[in-house]
Amino acid sequence: MSQASARLRRPTLALVGATGAVGTVMRQILSTREDVWGEIRLVASARSAGRMLDVRGEQVEVLALAPEVFDGVDVAMFDVPDEVAAEWAPIAAARGVVVVDNSGAFRMDPDVPLVVPEVNPAAASRRPKGIIANPNCTTLTMIDALGALHRRWRLTELVVASYQAASGAGQPGIDRLHDELQVVGGNRELGSQAGDVRREILDKLGPDSPFPAPLAMNVIPWAGSVKDDGWSSEELKVRGESRKILDIPDLKVSATCVRVPVVTTHSLAVHAVFADEITVAEARQALIEAPSVVLLDDAANGEFPTPADVVGADPTFVGRLRQALDFPNTLELFVCGDNLRKGAALNTAQIAELVARELTQA
């Protein structure tokens, strides 16, 4: 078969939400990974239509979201708000498109697989609604490492504290943090009295913020929307999504999600309990062997993952690996992952590539 014929057989991809923070990373990833796609269509809201954006080294015009943009498309990667995905993903699927959705609209739908290719790739082929969901970025930060450990020692309990970057709130979160840092930067007097950071930021920037409190020079013990009994939506996502991805319906999970003044890369302190006896040495080897995990664990020499070192990288980074002192069969670990890459864009692209290989082999 000629190379031209091979190219004709490549699936057509639509990237919906191509102009957003994650969509921008998706375009970068499509330009650097193995090229499995034929045509790539860029789709966004009507206000972005007509813009020319780079993908695979070519300038491509952005199309306005409409039913006809999905004609002839095989796979669509969605990075749009939940309500937009809830409306448009079924429209695309009804036109024969396999939708890989990065929103929260379908993650807990029992007829929609929630997929991490390194953990449960087979789930991607069972999609009765024609939709595959991408997990939340907080869950994705830790799930590759936990999946590698669960396969051998059977995870039973999980207690997590997350330290989530501003970019988890999208471009508005990034912009707000930078604006706040400009306000407080260089003023060494701020922070010495209760409320002075808040007053200075509110006085200069006003109250319109994606965060419930100032983020610069601060941490906020809240991420997401309000749910029952004091829980946030982000915390409940960690619980429900971990159970679904790992296929452990009775997994005991408790999470506290905290926003920190980091632009990109989520971190998590993880307390993981296993059914079978596990040693640090065994866990280290399993993590070293996991293809998408990098073990950076030499605390005596100051080697452990931090957001500043991990941002822009694809793998999950793990450090501070310890046997819990007072808990049997329990490990403590610290995990970092770029929330815009593996936490969103990369995992979405990997799922889409699974589908592309399935389609070309059919």
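Ala, Val, Leu, Ile, Met, Phe, Trp, Tyr, Cys and Pro are counted here as nonpolar, Asp, Glu, Lys and Arg as charged, and the others, Gly among them, as polar. The structure is a predicted model, in which local features need pLDDT of at least 70 and side-chain atom pairs count only at pLDDT 80 or more, while totals for chains, interfaces and linings use all residues. Residues are numbered from 1 along each chain as its sequence is written, and side-chain values use heavy atoms, with hydrogens and water left out.

Grid points are joined across faces, edges and corners, and a volume is the space filled by probe spheres set on the points. The second largest pocket holds about 180 Å³. Its lining is made up of Pro110, Asp111, Val112, Pro113, Leu114, Asn120, Ala123, Arg126, Pro128, Lys244, Ile245 and Asp247, which by class gives seven nonpolar, one polar and four charged residues.

The largest pocket has a volume of about 1200 Å³. It is lined by 44 residues, of which Asp79, Val80, Pro81, Asn102 and Gly170 are the closest to its centre. Helices (H or I, at least four residues) and strands (E, at least two) are DSSP runs, numbered from the N terminus. Two or more lining residues come from each of helix 2 (21-32), helix 3 (82-94), helix 5, helix 7 (233-246) and helix 10 (341-361), and helix 7 provides the largest share, six residues. In this lining, 16 residues are nonpolar, 20 polar and eight charged.

The largest cavity contains about 40 Å³ of space, and its lining consists of Ile29, Leu30, Arg33, Glu34, Asp35, Val36, Trp37 and Glu353. Four of these lining residues are nonpolar, none is polar and four are charged.

Attention now turns to the packed interior. Buried means under 20% relative accessible area, exposed over 50%, and partly exposed in between (1.4 Å probe, protein chains only). A nonpolar core is a set of buried Ala, Val, Leu, Ile, Met, Phe, Trp, Tyr and Cys residues joined through side-chain atoms within 4.5 Å. The largest such core has 57 residues, and Phe70, Phe78 and Val270 touch the most other members. Helix 4 (residues 137-153) is the element that gives the most to this core, with eight residues. Apart from this core lies another, of 35 residues, including Val60, Val100, Ile132 and Leu340.

Contacts (heavy atoms within 4.5 Å) show the surroundings of single residues. Leaving aside residues up to four places away in sequence, Phe70 touches Val16, Arg41, Leu65, Ala76, Phe78, Trp88, Ala92, Arg95 and Val97. Ala133, in strand 7 (residues 131-133), is buried, with a relative accessible area of 0%. Among the contacts of Ala133 are Asp101, Phe106 and Ile351. Glu332 sits in strand 13 (residues 330-337) and counts as buried because its relative accessibility is 18%. The residues touched by Glu332 include Val270, His271 and Arg320.

After helix 6 comes Gly206, with a positive phi near 85°.

Two residues other than glycine also have a positive phi. Arg56, with phi near 55°, belongs to the loop between strand 3 (52-55) and strand 4 (58-64), and its relative accessibility of 26% makes it partly exposed. Arg154, with a phi of about 60°, is in the loop between helix 4 and strand 8 (155-164), and is partly exposed at 46% relative accessibility.

Conventions:
On a 1 Å grid over the protein atoms alone, a cavity is a set of points where a 1.4 Å probe fits but cannot get out, and a pocket is an open set with protein on both sides within 12 Å along at least five of seven lines; lining residues have an atom within 4 Å of a point.
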